[in-house]
Amino acid sequence: MISDLWYKNAVIYCIAVESFMDSDGDGVGDFRGLTRRLDYLHGLGVTAIWLMPFQASPGKDDGYDVSDYYAVDPRYGTLGDFVEFTHGAKQRGMRVLIDLVVNHTSDQHPWFKSARSDPKSPYRDWYVWSKKKPNNADKGMVFPGVQKTTWTRDEKADAYYFHRFYDFQPDLNTANPEVQAEILKIMGFWIQLGVSGFRMDAVPFVIADKGADAGLNPKSDFQMLRTFREFLQWRLGDSIILGEANIVPKEAKKYFGDDGDRLQMMFNFHVNQNLFYALASSDAQPLSKALNETKPGYDTAQWGLFLRNHDELDLGRLKDDQRAKVFAEFGPDKSMQLYDRGIRRRLAPMLKADRRRLELAYSLMFTLPGTPVMRYGDEIGMGDDLSLPERYCARTPMQWSSEPHGGFSKGKKTYLPAISGGGFGFETVNVAEQRRDKDSLLNWMERIIRMRQEVPEIGWGDYTVLPLGTKTALGLRYDWRNNSVVILHNFDPEPREVVFDPGADDGVLIDLLSDRHSKADKDGKHRLTLEGYGYRWFRLGGLNYLLDRSDI
Ligand code: NOJ
């Protein structure tokens, strides 16, 4: 049935508990605060919430350094508060996905403490050791410029341990069957507490061969992904894994599985980078190519479509001149760039808060093939604080109102200061203000999400890139169970005429966002002018704009 694969037509919204709403005035967001905001999220049209790590952690990588997989960090509340939250979400028909960070633990995790203290520890082999410093120890860092090595010597252990990320994040030896069993146990635990699946952190590294001899292009154990999926589906049939895997398109099938039997979802990093190139250059051609290269190929597989997330915008896979173009347009200053490959800003400042460009970008996120994944604050056009280090600049408190700390906390001091003053400060950019203004970005976002939910062709259908006669515009047609839509976007600041043949229809394209319907010329082609940065969503087939679901 259509509703069974819920993730195919979902609207996912990413939240850091820490940043969303503080209920007790200690300056840190918590589950009680988040629970009070569930009606807001529901009203916005969110159907699934993705929570960033909230488990016990020293917090040196914002929770991606877990020290207890089975506990809520006390700063955010208790397990009881967590269950109240998942229950509240469920009552409103929203699903919850949580981060699963099992490539590594914190160095403060009791497993690592035990492993390093005693060669006979039952946890020794849960990590990856080498007596001698491996030759490639200064290669393969994920955070170049900040992280110096991937192998660090531990005095107590009298050995080097492997860490793909920071030195306080020792890699788990995921090839060890005991570690794999523990990963399943962690999933089983949270599934029992009401979640519908996981955003799996760093998937390519989880399944890669680790160890001093693994080399720079280690082999991957894709079978592990099938094991995870099988386990999950035994426990809860409709639970999913959304993988974080920044891979080249030809690898994607291995992650989705030859028979679509591994990950249900993955973030589409390839489209993300080419999308930013299109936004920066007004050239939609590389994006069209990226879309053709990333057809998932199975009905059950789905891409997660995003613009910005909590990390830097990674441009590492673009060609040098393309990357230079995106840097020049969106992150010209060194302070805006990170790890020699990306931009650390939020979207709204990158686009200079230009409403036309913001709508273009979000319209794309909601209509490119896949499931849209928003980030908290996107809906009001929140900014960033470049005085904060690394990726923290885009992790500031949610801006609810013009009250102190943006209404996020009644405390004296918050975990990071809310953005104040300038064009993006909470005094002007906040939910309360935008709720009152029918033309605000927030109200636009609510309307576009509602429409996206009514266009399941995008989440479910087959797509074709439509030639439009200009390289600055992108046309997509989706077909699904006798329903079709045509979506057009113009990356050019200037108006552009487009000419296209949408395929079989009765000559009229119904505009889903306005009354500017399009009638075909005698030759069956449509000719229309897209405004500068304009976008149009059309449904094929008669004057009834609603989806014809009679055959389902
Ligand atoms: C990817 C996460 O998105 C990032 O924030 C984190 O630092 C690394 N994985 C390490 O867990």
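How far apart do the end C-alpha atoms of residues 14-419 lie, and how much of the span is helix and strand? The end C-alpha atoms lie 19 Å apart. The span is 31% helix and 14% strand, with helices (H or I, at least four residues) and strands (E, at least two) taken as DSSP runs numbered from the N terminus. According to the unreviewed UniProt entry, residues 14-419 carry the annotation "domain: Glycosyl hydrolase family 13 catalytic". Such annotations may be inferred rather than shown by experiment.

The model is predicted: local features need pLDDT of at least 70, side-chain atom pairs count only at pLDDT 80 or more, and totals for chains, interfaces and linings use all residues. Residues are numbered from 1 along each chain as its sequence is written, and side-chain values use heavy atoms, with hydrogens and water left out.

Turn to domain 1 and domain 3. Domain 1 puts 29 residues into the contact (heavy atoms within 4.5 Å) and domain 3 puts in 24 residues. Together they bury about 2,300 Å², where buried area is the accessible area (1.4 Å probe) that two parts lose on being put together, summed over both. Carbon and sulfur atoms hold 67% of it. On the domain 1 side, L360, T367 and M451 lose the most area to domain 3, together 24% of what that side buries.

Which charged and polar pairings cross this interface? The rule finds zero salt bridges between domain 1 and domain 3. A salt bridge here is a side-chain nitrogen of Lys or Arg within 4 Å of a carboxyl oxygen of Asp or Glu. Polar contacts do occur, in 10 residue pairs (both at pLDDT 80 or more). Each needs a pair of N or O atoms within 3.5 Å; within protein, one must be able to donate a hydrogen and the other to accept it, and residues adjacent in sequence count only if both atoms are side-chain atoms.

Helix α14 (355-367) gives the most to the domain 1 side, with eight residues. Within α14, R355 and E359 lie four residues apart, about one turn of the helix. R355 forms a salt bridge with E359, their closest N and O atoms being 2.8 Å apart.
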